[in-house]
Amino acid sequence: MPVPYDVAIARCDSYDPAIVRQAIEESLVPFGGIASVAREGSRILLKINLLAAKRPEDAVTTHPEIVRAVIRMVQECGAEAIVGDSPGGRNTPASYRALLKKTGILDVIEETGATMAYFDEPRMERVSDRARTFKKFTVTSMLDAVDAVICLPKLKTHQFTLFTGAVKLLYGYIPGIIKAEYHLHAGRDVTTFAELLLDLHDTFPPDLTVMDAVVGMEGTGPQSGTPRQIGLVLAGRSCPAIDFVATSIVGIDPFSVPTITCALERGSGPGGMEEIPLHGPPLEDVRVSGFRHPDVRDLGRIPPAFFAIADRLLANRPVIDPGRCVRCGVCAEDCPPGAIAFSKGSIPDIDYSLCIRCFCCQELCPSGAVDVKTPILRRIIG
Ligand code: SF4
Ligand code: SF4
């Protein structure tokens, strides 16, 4: 049965637990409430955004009060709530736990008696007949161990894919460092990367999604941008439809987001607002003005003969700030093509001829030392 494109919007001005709970309940009414997914005795996976060890107020990760409210609602249905994700890079159970602690989510898990899931082990292989391009996945085996999945993405900009919301969240199904292999397959072509995300989405579609858009991130997301008050919770069953509505709210053209156009092209997502039944306040009443988004024009389709020059003159590139770099080497360890040279105690050195502009280094740098530099010509021509 096709997934309905309905999206519900609920106002949520703060992370006060009572306000969050009320907003999420309100957003789920059109979908039959959380009980439509969480049944007595079932196991429900809450897939969160756990990108990096950041505080809740940094707006990098799903806010712990959103996680708390959904855990409680699942438990009140007599179901087990299991919470997890796989951050990028190399993880160990100890580093994963530390990351959960910093984000405030470990405390919520312990206070509510929910179950913590470590996505990196065990993992499973899955050959997909629903995928179009990437037909074989290595993913967390949690997906086979639960009865349903509820996704809890955060509304943020993204330096590579322009926007990260419901569809992009599913990349966390792929364990830690294995993500780098998929990045390498996709290379610099963001359309191919979007194809990968949609293959993942079509293979493992979540049952329900509740987006944390109370405070989102604008600018150079998903980790180094600026928190921005939006004051909403969005819910639905279709990830591309939720992303379509979310981008429309913050003033990003949905058709400039590769995951949205890729979903439309393959029949997994809507082609316009007129195809999305909206519940809650009208879009005009909740739009956010002046939301800053990154300049991410794709050079992936420039003819090879002109690519080198276009790359030098026009492509955004990662640049390391020696003043903020703590010389940990994380960026070099996890750079998909191995474009970063690092020796202990020194500032890493990026070989731009190898760099695929995935901006994983920016995402993973623990001290925010990787900036995105826009070449002067690109700034001049806008
Ligand atoms: S991850 Fe960040 S702090 Fe660590 S070496 Fe790279 S740039 Fe420096
Ligand atoms: S240097 Fe950074 S942006 Fe370039 S390929 Fe490596 S991780 Fe990706």
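Student: Which element of the chain holds Leu162?

Tutor: This is a predicted model, in which local features need pLDDT of at least 70, side-chain atom pairs count only at pLDDT 80 or more, and totals for chains, interfaces and linings use all residues. Residues are numbered from 1 along each chain as its sequence is written, while chains are lettered from A and ligands numbered from 1 in the order in which they are written. Helices (H or I, at least four residues) and strands (E, at least two) are DSSP runs, numbered from the N terminus. Leu162 lies within residues 162-164, and the name of that element is strand E9.

Student: Is Leu162 buried or exposed?

Tutor: A residue is buried if 20 or more other C-beta atoms, placed from the backbone, lie within 10 Å of its own, exposed if 12 or fewer do, and partly exposed in between. Leu162 also has a positive phi of about 75°, although it is not a glycine. Because Leu162 has 25 C-beta neighbours inside 10 Å, it counts as buried.

Student: Where is Phe359, which also has a positive phi?

Tutor: Phe359 is not a glycine either, and its phi is about 65°. It is buried, with 25 other C-beta atoms within 10 Å. Its place is in the loop between strand E15 (349-350) and helix H14 (360-364).

Student: How many helices and strands does the chain have, and what is its radius of gyration?

Tutor: The secondary structure comes to 15 helices and 16 strands, and the C-alpha trace spans about 55 × 45 × 40 Å along its principal axes. The radius of gyration is taken over C-alpha atoms, and the globule rule is 2.2 Å times the number of residues to the power 0.38. For 382 residues a compact globule would have a radius near 21 Å, which agrees with the chain's value of 20 Å.

Student: What percentage of the contacts with a separation of 6 or more joins residues 24 or more positions apart?

Tutor: Two residues are in contact if their C-beta atoms, placed from the backbone, lie within 7 Å. In this chain, where buried residues make up 49% of the 382 residues, the share of such contacts that falls to residues 24 or more positions apart is 76%.

Student: At what angle do helix H8 and helix H10 pack?

Tutor: Axes are lines fitted to C-alpha atoms, for helices over the stretch in contact, and angles run from 0 to 180 degrees between N-to-C directions. Helix H8 covers residues 190-203 and helix H10 residues 258-265, and their axes are 9 Å apart. The contact includes Val190, Ala194 and Leu198 of H8, together with Pro258, Thr259, Cys262 and Ala263 of H10. The two helices pack at an angle of about 65°.

Student: Against which helices do the buried residues of H10 pack?

Tutor: The buried residues of H10 are Pro258, Thr259, Ile260, Cys262 and Ala263. These residues pack against three named elements, namely helix H6 (166-169), H8 and helix H9 (239-249).

Student: Which residues does Pro254 contact, leaving aside its neighbours within four places in sequence?

Tutor: Pro254 is found in the loop between H9 and H10. With 22 C-beta neighbours inside 10 Å, Pro254 counts as buried. Its contacts beyond those neighbours are Phe244, Thr247, Ser248 and Ile260.

Student: Where is Pro122, which is joined to Glu121 by a cis peptide bond?

Tutor: The bond that joins Glu121 and Pro122 has an omega of about -10°. Another cis bond runs from Gly221 to Pro222, with omega near 15°. Pro122 itself is found in the loop between strand E4 (115-118) and strand E5 (123-127).

Student: Which residues are the closest to ligand 1?

Tutor: A residue is near a molecule or strand if its C-beta atom, placed from the backbone, lies within 6 Å of it. By this rule 13 residues surround ligand 1, and the closest are Cys325, Cys328, Val330, Cys331 and Cys365.

Student: How many residues around ligand 2 are nonpolar?

Tutor: Ala, Val, Leu, Ile, Met, Phe, Trp, Tyr, Cys and Pro count as nonpolar, Asp, Glu, Lys and Arg as charged, and the others, Gly among them, as polar. Ligand 2 is surrounded by 14 residues, of which the closest are Cys335, Cys355, Cys358, Cys360 and Cys361. Its shell has no polar residue and 1 charged residue, while the number of nonpolar residues is 13.
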